[in-house]
Amino acid sequence: MEAATDEAAPAAQATLRCQFCGTWNRIDAARAADKPKCGKCGKPMLLDRPVALDDDSFARTIADSDVPVLVDFYADWCGPCKIMAPEVDKLAANYSGRAIVAKLNTDLAQNTSQSFQIRGIPTSIVFLKGKEVARQTGAVPYATLATMLGKAGL
Ligand SMILES: [Zn+2]
């Protein structure tokens with residue numbers, strides 16, 4: 001939407017836990033295409049596919065990231081979740097560097113699911129600096145997910 005010509009704009013940081021070693025990393029989201037690596041183990045921090053969150057990583061990721069975070073609350077047994085999964089994958093690839101696209105397994109992360117009163121899955125929620133700005137329950141297409149990110153300024 002906005003051209004990245006404003007040199008005074010601070011870098012948008014994403015705060016993510018390494019999927020391999022569990023170390024927290026601060027990453028310049030705009031450099032996602034440079035394939036950032038974990039500062040501890042050196043394995044890639046994959047920003048172009050959905051990031052798996054759990055009860056331990058959820059709060060810090062959504063609160064400490066400058067870029068919007070879209071979370072797909074799902075479960076393995078949920079048919080509509082499976083139907084929606086490719087749309088979520090596509091969103092992660094297309095918004096790499098501008099947003100974090102994440103998935104949270106509601107069976108494993110029950111504390112988070114309860115605190116956000118997830119009553120049906122899939123549920124998609126967009127957070128901006130820790131605050132919920134959009135929510136949709138049910139399997140939705142890519143365009144709807146993109147519209148939700150639009151409510152966070154994308
Ligand atoms: Zn690591």
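## K129 and its loop

K129 counts as partly exposed, because 14 C-beta neighbours lie inside 10 Å. Here a residue is called buried if 20 or more other C-beta atoms lie within 10 Å of its own, exposed if 12 or fewer, and partly exposed in between, with C-beta atoms placed from the backbone. K129 sits in the loop between β6 and β7 (131-137). Its phi is positive, about 50°, although K129 is not a glycine.

## About the model

Please keep in mind that this is a predicted model: local features need pLDDT of at least 70, side-chain atom pairs count only at pLDDT 80 or more, and totals for chains, interfaces and linings use all residues. Residues are numbered from 1 along each chain as its sequence is written.

Q117 is not a glycine either, yet has a positive phi of about 50°. With 8 C-beta neighbours inside 10 Å, Q117 is exposed.

P122 is found in the loop between α3 (110-115) and β6 (123-128). The peptide bond joining I121 and P122 is cis, with omega about 0°. As background for these backbone features, most residues other than glycine have a negative phi, and most peptide bonds are trans.

## C21 and its contacts

C21 belongs to the loop between β1 (13-17) and β2 (24-28). It is partly exposed, because 13 other C-beta atoms lie within 10 Å. Setting aside neighbours within four places in sequence, C21 is in contact with C38, K40 and C41; a contact means that the two C-beta atoms, placed from the backbone, lie within 7 Å.

## The overall fold

The protein has four helices and seven strands. These are DSSP runs numbered from the N terminus: helices are H or I with at least four residues, strands are E with at least two. Along the sequence, the pattern reads β-β-β-α-β-α-β-α-β-β-α. The radius of gyration is 15 Å, close to the 15 Å that the globule rule gives for 154 residues, so the protein is as compact as a globular protein of that length. That radius is taken over C-alpha atoms, and the rule is 2.2 Å times the number of residues to the power 0.38.

Along its principal axes, the C-alpha trace spans about 45 × 35 × 25 Å. Of the 154 residues, 36% are buried. Among contacts with a separation of 6 or more, 61% come from residues 24 or more positions apart.
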